[in-house]
Every structure is written in structure tokens, then in C-alpha cells.
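Visitor: Please put the model up, and then take my questions one at a time.

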Amino acid sequence: LHPRTNVQLLTLNTNRQTLNLAPVRQNHAHCLEGALLGAYILGLHGYGAYLMDLRASAADDDHVITPFQCNGRWGCLSVSNHSSLRYRNPVYRSLREMCMAYFDDYMNGKGQRTLRAYSTPMDLEKEYGKKWWAPRGNDGSRQIAYALDELPHFRLFADSSFKKDLRGADVFMMKTTVDQREWHYPPNTDEAAVERNKNDSSPCAEDAGTTDGGVSGTVNNF
């Protein structure tokens with residue numbers, strides 16, 4: 001079975017009230033819920049159940065993806081409100097190469113490119129046991145979110161000097177990439193996240209004062 005699967009594969013299991021099936025019951029998911037569901041599906045078909053954290057600068061939100069390998073090349077499943085941050089085909093020679101494929105499209109509401117680092121993969125079965133998927137509700141996913149944040153992270157760039165050369169989104173990209181969302185914010189959305197993702201009237205370069213989140217300065221073989 002090719003990893004480009006969908007939630008319909010799990011409809012026969014929706015009577016099992018588990019953490020990974022929440023998106024099936026609710027018919028919507030944020031990136032972590034989608035990544036957990038993707039990891040569950042891939043685990044069923046022998047690809048393993050892994051998660052990775054993509055860490056953004058302080059001006060944006062992190063993103064969680066589900067990496068997998070086909071024929072020795074890396075790809076990932078991904079849920080996002082923006083189409084440009086979704087699925088990546090398994091064509092990348094390393095995890096770092098795959099994560100760099102997100103860089104140009106990883107922007108906040110001001111059109112600033114904010115991706116800074118990626119984590120080592122988390123093996124959910126190794127970390128939480130064969131029934132890692134069993135906990136239901138926010139407590140289980142919150143625990144995993146905290147654990148992802150504590151994983152070793154590896155910088156995409158050695159220092160912040162690269163930021164002076166970054167080009168912000170132009171007017172067309174603001175309209176077609178930054179401002180295009182499939183779903184509107186629900187009423188209970190975190191107000192700070194809404195404010196962070198508001199669009200300015202004009203594109204701009206990234207704030208030179210943005211921090212990189214204190215990630216590791218070493219890049220491994222991933």
C-alpha cells in the first residue's frame with residue numbers, strides 16, 4: 001500500500017475511541033492530530049510510526065509531520081491549513097533535505113520565512129509502547145507534543161546571518177500562498193496564534209531580531 005492513503009481506510013475502526021482516531025470522528029484535525037493519524041496508518045502497513053517537529057522562529061508556529069521511507073528515499077505526510085505545507089513525495093535522500101523542501105513555503109502571516117530547525121524522528125512505538133495510539137483526548141496528544149519539543153533539534157543554518165538575505169513574500173505570493181487557507185479559524189482558536197498569522201497590507205523582510213529558539217548547532221545525518 002502506498003503511503004498516500006486517507007482516513008477512509010480507518011472508517012471500519014471508528015468504534016475504537018482512541019487518540020489517533022479523533023480526526024475521523026471530528027472530520028478535522030490540526031497538524032499533530034493529523035500526524036498521529038498518519039503515523040497510525042503507516043504503522044499498520046509496515047512503515048513504522050514516526051513523528052518529526054519542524055521548529056519555527058518566535059514569529060511563527062512549529063509544525064509536526066509524519067516521515068516515512070520508500071525505496072530508501074524520505075517523504076512525509078502532513079496536515080496543514082496551507083496546501084504548500086502538506087505531503088512531500090518520497091524523493092529526498094535525507095531528512096534534512098526533505099525539511100529544506102519546506103523552507104521557502106514556511107511563512108507566517110507577514111510573509112516572513114520562519115523555518116529554523118528540525119527534530120530527530122520520534123519512534124512512537126519505542127517511546128510509548130505498542131499501544132501508543134490508545135490514549136484518548138487532549139492529554140495523550142499534549143504529552144506527545146511536549147516530548148517532541150524536547151527532542152534534539154538541528155539548525156538548518158549555522159547562524160542568523162542568513163536572515164539579511166531572505167526575501168519576503170511578494171504581493172502575488174501573499175494572495176496565493178500566505179493568505180489562502182482551506183479552513184477558517186474556529187471560535188476557540190488561540191488568540192495569540194490568530195494575531196501572529198494576521199497579514200500586513202504589504203510584504204516585508206524578516207525581523208532581524210527574531211530568535212532561532214535555542215536549537216542545537218549540529219546537523220546529523222538525517
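Guide: Two strands pair if DSSP finds at least two bridges between them. Helices (H or I, at least four residues) and strands (E, at least two) are DSSP runs, numbered from the N terminus. This is a predicted model, in which local features need pLDDT of at least 70, side-chain atom pairs count only at pLDDT 80 or more, and totals for chains, interfaces and linings use all residues. Residues are numbered from 1 along each chain as its sequence is written, and side-chain values use heavy atoms, with hydrogens and water left out.

Visitor: Which residue in strand 3 does Thr66 stand opposite?

Guide: Strand 2 (residues 63–70) and strand 3 run antiparallel and are joined by five bridges. They form a hairpin with two residues between them, and Asn71 in the turn has a positive phi of about 55°. The residue opposite Thr66 in strand 3 is Leu77.

Visitor: Why is strand 3 largely enclosed by the rest of the structure?

Guide: Buried means under 20% relative accessible area, exposed over 50%, and partly exposed in between (1.4 Å probe, protein chains only). Strand 3 covers residues 73–77, and it is largely enclosed because the number of its five residues that are buried is four.

Visitor: How many residues does the largest nonpolar core have?

Guide: A nonpolar core is a set of buried Ala, Val, Leu, Ile, Met, Phe, Trp, Tyr and Cys residues joined through side-chain atoms within 4.5 Å. Those with the most contacts inside the largest one are Met52, Leu54, Ile65, Met98, Tyr102, Leu115 and Tyr118. Strand 1 (50–56), strand 3, helix 3 (95–100) and strand 5 each supply at least two of its residues. The size of this largest core is 20 residues.

Visitor: Leaving aside neighbours within four places in sequence, which residues is Ser84 in contact with?

Guide: Ser84 lies in the loop between strand 3 and strand 4, and it counts as buried because its relative accessibility is 15%. Contact means heavy atoms within 4.5 Å. With the neighbours within four places set aside, the contacts of Ser84 are Tyr102, Asp105 and Thr177.

Visitor: Is Arg116 buried or exposed?

Guide: Arg116 is found in strand 5 (residues 115–119). A polar atom of its side chain lies 3.3 Å from the backbone oxygen of Arg113. Since its relative accessibility is 2%, Arg116 counts as buried.

Visitor: How far apart are the closest N and O atoms of Asp104 and Arg113?

Guide: A salt bridge is a side-chain nitrogen of Lys or Arg within 4 Å of a carboxyl oxygen of Asp or Glu, and the structure holds five. In the one between Asp104 and Arg113, Asp104 is partly exposed at 48% relative accessibility, whereas Arg113 is buried at 10%. The closest N and O atoms of this pair are separated by 3.3 Å.

Visitor: What is the mean pLDDT of the chain?

Guide: pLDDT is the predictor's confidence in each residue, from 0 to 100. It stays under 50 over residues 1–17 and over residues 200–222. Of the residues in the chain, 67% reach 70 or more, and the mean is 77.

How values were computed: A polar contact is a pair of N or O atoms within 3.5 Å; within protein, one must be able to donate a hydrogen and the other to accept it, and residues adjacent in sequence count only if both atoms are side-chain atoms.
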